[in-house]
Amino acid sequence: MSLRIVVTVKYVPDATGDRHFAEDLTVDRDDVDGLLSELDEYAVEQALQIADEADDAEITVLTVGPEDAKDALRKALSMGADKAIHVEDDDLHGTDAVGTSLVLAKAVEKAGYDLVISGMASTDGTMGVVPALLAERLGVPQVTLLSEVSVDGGVVKGRRDGDTASEQLEASLPAVVSVTDQSGEARYPSFKGIMAAKKKPVESWDLEDLGLDAEEVGLEGSWTKVDSASERPARTAGTIVKDEGEGGKQLAEFLAGQKFI
Amino acid sequence: MAEVLVYVDHVDGAVRKPTLELLTLARRIGEPVAVALGSGAEATAAALAEHGAVKVLTHDAAEYADYLVVPKVDALQAAYDAVSPAAVLVPSSAEGKEIAARLAIRIGSGIITDAVDLESGDEGPVATQSAFAASFTTKSRVSKGTPVITVKPNSAAVEAAPAAGAVEALSVSFSAQATGTRVTGRTPRESTGRPELTEAAIVVSGGRGVNGAENFAIIEALADSLGAAVGASRAAVDAGWYPHTNQVGQTGKSVSPQLYVASGISGAIQHRAGMQTSKTIVAINKDAEAPIFDLVDYGVVGDLFEVVPQLTEEITTRKG
Ligand SMILES: Cc1cc2nc3c(=O)[nH]c(=O)nc-3n(C[C@H](O)[C@H](O)[C@H](O)COP(=O)(O)OP(=O)(O)OC[C@H]3O[C@@H](n4cnc5c(N)ncnc54)[C@H](O)[C@@H]3O)c2cc1C
Ligand SMILES: Nc1ncnc2c1ncn2[C@@H]1O[C@H](COP(=O)(O)O)[C@@H](O)[C@H]1O
């Protein structure tokens, strides 16, 4: 039987761009170019490696996001995923992590899955909670923040490097996995992969397809409210000296002046 | 006064500093009731009482060590049901965030992660967060259910505020999901004897410019002269020169010490994301154009192999 892998990927504003908030205090996704969250490339990579090891596997990439989020799906398809699902609906604007996990859970269930693979965190919201939320909603094991992962005989195993210990984990499928950027370099799409991706199917689903109401998602359905967002004042220009042989001593003098020594 | 649940992060009964900071913040909202789970749970009570916990709910079971995350969610939910708190506060560790998130879904509440400050407001607790690599500051609140908020280390001062801290046994029944993810092996991290990276008052970091694992001895020597923790950029970690646990930045630790010393680090946005809120920042880099110099209070343009040893020696001399 085929191993059905769903990789959740997010379309995010480029971190090296001038990111800011829109007037409604949601992340501005219009003024800064977007891309597939780099941390989700690791999830796609691990999915491809797991699929390689399996006799028969199919990888679906899934995103919840605006129209341009198709770019993120294309990138994942050009890396080698088989097909894509784009959940897109005007009422989704402003959905928070709890809401996103609801939409993802419905979509994953509708698509059918044995294994969900997510990134460790999105590079815009950086919450790192969606995989745990998704596992809670689906009622399946969460095997998260793995720096190493493998699937064999219906069991997923992995290593989670925590603060105080490194743990070996194991769970039966179906399960939700997330992988860190320590899990192994993500491949670049090949020219062949980019050409092939153009022909791969991308399905588009809206809230109705998922049996969800507009009130459950979006800014209105969000269970958190951002009241204000202000730009951090730029750090005041400091003193910069060129080392002419006394740089270390000058720095020590500064640190002593600040009472660090 | 309303009670506030505080999830306790501890190692065999030794309470970690971020939890004590959490008690300071909890007292701004109500009366802290601590929840301590697993081996050594009861031993946490003295430190928690000293810092304001009116009650300490404890429970120990093999499940906490043998299975990932969910048993702790079950227990925190049991505490929630027993207390009906005004808010639930959890330290922002990787595990803490996952526990908090799952609890939020179960109790039908919104969740805020990685708060750096917390104050009480007319419509419930108001959390301050940093966004976009700490270039923005936001204020937000939970608008549905009981606020579940995770708070980053170094967000408040630890304050003594003696309270009763009466230990009460929490009764927990584990859910069907509790045993879903087995922990089949555990290798504890070896202690370096240096301060914990996220808790340290001073962090001394090295990057690609350090140019080799053996050269990190220079960075460690400087760190030791200042009693500091050692950090590394991802470039240094990816090169295998320093362990990933010491990585500072978006996919490593985020630190907010009194003093951050960057040597041979360019200051890429993902690195800044993890250190930009440090009080004082100094850098040593041979490239005057390196973006790290936009952040510094004091910068030395020079070769770290000259500047850092001289700095260490000068500090050692001054400290006598
Ligand atoms: C999704 C994602 C997540 C990331 N997460 C992180 C993260 O958590 N943490 C992180 O740090 N990075 C992270 N990065 C990587 C980041 O973009 C940079 O590549 C990285 O921070 C560069 O490290 P560096 O400054 O040490 O190296 P470089 O950028 O190569 O800079 C080295 C610096 O050392 C200086 N130098 C060289 N020799 C000397 C000398 N002898 N004396 C003095 N100065 C010298 C050079 O002038 C240069 O400025 C992430 C990237 C991505 C895409
Ligand atoms: N809108 C989204 N669409 C698809 N996947 C998402 C979305 N948001 C978050 N994820 C997944 O959840 C992970 C963690 O995201 P977060 O909790 O937002 O930091 C990401 O790496 C993605 O795999």
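Me: With which residue does Asp238(B) form a salt bridge?

Reply: In this predicted model, the closest N and O atoms of the pair in question are 3.2 Å apart. A salt bridge requires such atoms to lie within 4 Å. The partner of Asp238(B) is therefore Arg234(B).

Me: By about how many helical turns are Asp238(B) and Arg234(B) separated?

Reply: Both residues belong to helix H7 of chain B, which covers residues 234–238. Because they are 4 residues apart in this helix, their separation is about one helical turn.

Me: Is Glu314(B) buried or exposed?

Reply: Glu314(B) forms a salt bridge with Arg318(B), with the closest N and O atoms 3.1 Å apart. Residues under 20% relative accessible area count as buried. Glu314(B) has a relative accessible area of 18%, so it is buried.

Me: Which elements of chain B are linked by the salt bridge between Asp114(B) and Lys97(B)?

Reply: The closest N and O atoms of Asp114(B) and Lys97(B) are 3.0 Å apart. The two residues are 17 residues apart, and the pair links distant parts of the chain. Asp114(B) lies in strand S7 (residues 111–119) and Lys97(B) in helix H5.

Me: What relative accessibility does Lys97(B) have?

Reply: Lys97(B) is among the buried residues of H5(B). Its salt-bridge partner, Asp114(B), is also buried, at 14% relative accessibility. For Lys97(B), the relative accessibility is 13%.

Me: How far apart are the end C-alpha atoms of helix H5 of chain B?

Reply: Helix H5 comprises residues 94–107, which makes 14 residues. At 1.5 Å a residue, the helix should span 20 Å. The distance between its end C-alpha atoms agrees with this, at 21 Å.

Me: Where in chain A is Asp31(A) placed?

Reply: Asp31(A) is one of the residues gathered in a patch of negative charge on the surface, together with others including Asp30(A) and Glu67(A). At 56% relative accessibility, Asp31(A) counts as exposed. Its place is in the loop between strand S2 (11–13) and strand S3 (34–36).

Technical notes
Residues numbered from 1 in each chain as written. Chains lettered and ligands numbered in written order. Predicted model: local features only at pLDDT ≥ 70, side-chain atom pairs only at ≥ 80, totals over all residues. Heavy atoms only, no water. Patch = residues over 30% accessible without salt bridge, like charges linked within 9 Å, V, L, I, M, F, W, Y side chains within 5 Å. Areas by Shrake-Rupley, 256 points an atom, 1.4 Å probe, with all protein chains shown as cover. Salt bridge = Lys/Arg side-chain N within 4 Å of Asp/Glu carboxyl O. Lys, Arg positive; Asp, Glu negative; His and termini not counted. Charge placed at Lys NZ, Arg CZ, Asp CG, Glu CD. Buried < 20%, exposed > 50% of the residue type's maximum accessible area, 1.4 Å probe, protein only. Expected span 1.5 Å × (residues − 1).
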